[in-house]
Amino acid sequence: MWRRIAAEHRFRLRLYTFISFVLIASAASAASALPAYAQEPSWERLINSDREPQNWMSYGGNYAAHRFSALDQINRENVRQLTPVWMFHTGELQGGLNSTPIVVDGVMYLMGPMNRVFAINAATGEKLWSYVYKLPQMSIPYQRGSRGLAVAYGRVYFGTLDNHVVALDAKTGSEIWDVEVEDVRQCGCNITSAPLVVKDKVIVGGTGGEHAHRGYLNAYDAKTGKHVWRFYTIPGPGEPGYETWSEKMWKYGGAPTWLVGSYDPELNLLYWGVGNPSSDFYDEFRPGDNLYSDSIIALDPDTGKLKWYYQEVPHDMYDFDSAYECALIDYEKDGRKQKLLVHANKGGMTWTLDRATGKYVNAWPHVDNLTWLKGVDKNGRPVGMQPVPPDKETFVCPSAAGGRNYGHSAYNPRIGWWYNIGWEICNVIRPQKLEVKEGQPLFGGGMEMKPPKDKPAYGHINAFDPLTGERKWRYNTTGINVASLLATGGGLIFSGDVMGAAFALDARTGQKLWSFNTGAGMSGSPISYSVNGQQYVAIPTGMGSLLSGFVPLFWPESAHKIPEAASTLVVFALPETSVKGAASNGK
Amino acid sequence: MESRSRSAKGAARAIAVLFLPFVLCLSSFGLSPDRFAIASVVGADPRVRPYVELQTSAAQPQSSEIQVEAGKRVYLGSCSMTYCHGAGGMGGGGPKLRDREFTAEYLTHLITEGIPGTSMPAFKDSLSRPQVAQLVAYVLSLSPKKGAAKAKSDPQPQDQTLGPHLSGEAPKTEPAPSPASERVKSDVAVNDSFDIHGDVEAGRALFFDSAEIQNCRVCHTLQNRGGRVGPDLTGLAGKPPREILRSIVAPHAAIEERYATITITTRAGEKFTGVKRDENETTIRLYDTSTLPPVSRAFLKSDVVKTERLNTSAMPADYASKYSLKQLLDLVSFLKSANVSLKDLF
């Protein structure tokens, strides 16, 4: 495992460590001591993050995308006392706050919009350093917000809105390396999600599903920034799967990797969800299944070679990405153990696969309104897919914004339930033929958001059995939930709604136990961590997402809370009196 | 053998690629009366003479309703996504377009050039001028009273109507060359005799093809696209073909000072070689060209013990063996934007 720190930083590291020790030793109480600067985390720590509930070291909380914190100081009994303890403003409203903060050993690393990066004392909210990536004058494809960063080996890794990957020194915020993935002006693609560090590599996905671009996933050497491998999500001539594209479109067919993958260390498999084929709606120039669009791909992270794939939506005509998180769940029932991959597709269906082989296990709808398919066959392939003819209007549920969007699911391994969001909104799609030009937008028509037939639009959060899809409870959300879910060892589900309320649900019943009006709609990902025995819940506020625009169409009262009312992280904890003597969590 | 078949494939692809715009251009000529009217209006000034003129004084083969209807189709395909402006100009992630006080000039400029620093792209490469005009007509129609009244009654103080992001320096007026005629020209040339002549489009593919991880664009910019590691090659068009070829196959022969190769030795004894990116009081940044794509590395000056200038180019020196002669000819043709023949080189 690569643990070495770049030689040029060794001296300063020692110095910092020395200073930290002196400061900590001299502080009467360690409560607000200068946090130990992260020289870490090592791969060993990252891959065993479940052993360190005080930290939130990777995008999904662990490499299985569980978004679960084992901390239980805040629980069903005392959550009503939860109080804001500090806030952090990124100072850039355009783009809101869509990200997942990372916490390592008392330091929080936060990605703000427009590629602003911050290190913050996770106990006090004091800023330790900031780094503002200098964007060239350009039009930014997709959104201005970013969904996060990765921290490993004393470095902070992130992708930029102009399609670079950058490594910073985690102690100082100074730039170490910066490499361009592809000229944003040529590809119309960029990076809005967090990288995933796997062993000695930084693996980065990109946008591009609404542009004429050939999707890919890239791996860089974490130490040097050297490009190591690229996996094209559209096979080229001579590769298996090329026959599922037309000669014209394989180079421009989208299939982006715009979110973050998962990794199973036992199988040494990297799982990544792939987005929609371009153009989104007009499909006549791309006959075939269009592999590996709308698929889960499993790669060898050392080589970037494909191990297996599973396509959820063959020949997509509705913009139904499969880009969302792959929850890796070890499922046990009646003495039978299964290594599952549970995956919510944008089209409102959840697929469950055997994650060793990619074989289909089960599929079920996680929304009520589905028109695009009649069912699935024995291999999970959709049957009776709704045609969407060009120049005609077709009513399709769910909408191209999804049966949910990137707002991530959570899994509580102690209860064994998987929590997922549902949006009941439909759309009218009108495909339209268009000219294909590299790097240019390639929607191929348009869509108009509509409520489901005969009822108003609505949204919900559900608890499911991850294998059978049996629904345990449903909580009807205020508007639709754009923000991710967080599950905790205290038996809670945290999230925030589009009207600005941070809230907690009982993980066993779905009953709302707590809420707090932050004043700004939410589209980020809450996390939990602890410092010096105090558990915190950090909730990003500020929509800024491209998805926020249509919410007021259905919920006019949300209009003044979005799209860009804030870009602020709000951090909650229990009042000190109720924590005293309960410092059993974390360090 | 391999490179031969690759270049033949490239040529076939290039012909296919060329043919399509050719057909499309022809079809856009079908709209020629309309196109004419707009070209005369748009060509004069990027801010454009008032839209009103288009509506009233220009020959009008299309009524404004037809114009709006056509614009609606353009809008649907380019702007109406939920991520953008939403159906009917509202409900998208981008700004609402309904009930606004836009002018035609403002919208035309904005659609054509985009808004740097935002998600609004420049549509000058993807929409024709008639399409932009139709789109403008449609967007104005979304603000029935104010928008129309404003456009009609306001014969145009320029900057006043421009947004803050556009009120700075005026974009240079380039009476845009007709893309149609350009394409027609190169199409004819390719068919000419492609055994002897380089092929501009095949050269473009070598330079820019995104299916190749490593090619010229990784380091060089041409016409505002590509990397910033090596010199911008846009200006090469004026150089003799032979000189261009020499700079490709023998990059060490003439090195521009700005792109000289340097080696940085750190306090820890590590050595990095490449092209200096920039420096400030505390930090020096180097494009490390030992790997492609190059990696920009930042060094604290206090950690740098030695900086040496080398007499070599950071550009790989193996293009004479890496590319076939035909490919080199294609590349030179592309850089000159003209089909160069073998005898121009030797």
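Q: Over how many bridges do strand S30 and S31(A) of chain A pair?
A: In this predicted model, local features need pLDDT of at least 70, side-chain atom pairs count only at pLDDT 80 or more, and totals for chains, interfaces and linings use all residues. Residues are numbered from 1 along each chain as its sequence is written, with chains lettered from A and ligands numbered from 1 in the order in which they are written. Strands are DSSP runs of E with at least two residues, and helices are runs of H or I with at least four, numbered from the N terminus; two strands pair if DSSP finds at least two bridges between them. S30 (residues 426-431) of chain A and S31(A) pair in the antiparallel sense, and the number of bridges is six.

Q: Which residue in S31(A) stands opposite A:Val428?
A: A:Val428 has its counterpart in S31(A). The residue opposite is A:Glu448.

Q: Which strands are the edges of the open sheet in chain A?
A: Three strands form this antiparallel sheet in the order S27-S30-S31. An edge strand here pairs on one side only, which applies to S27 (394-396) and S31 (445-450) of chain A.

Q: How many residues does chain A give to the contact with chain B?
A: Two residues are in contact if their C-beta atoms, placed from the backbone, lie within 7 Å. Chain B supplies 46 residues, and the number from chain A is 55.

Q: Which residue in S6(B) stands opposite A:Val179?
A: Strand S10 (residues 175-180) of chain A pairs with S6(B) in the antiparallel sense over three bridges. Opposite A:Val179 stands B:Val295.
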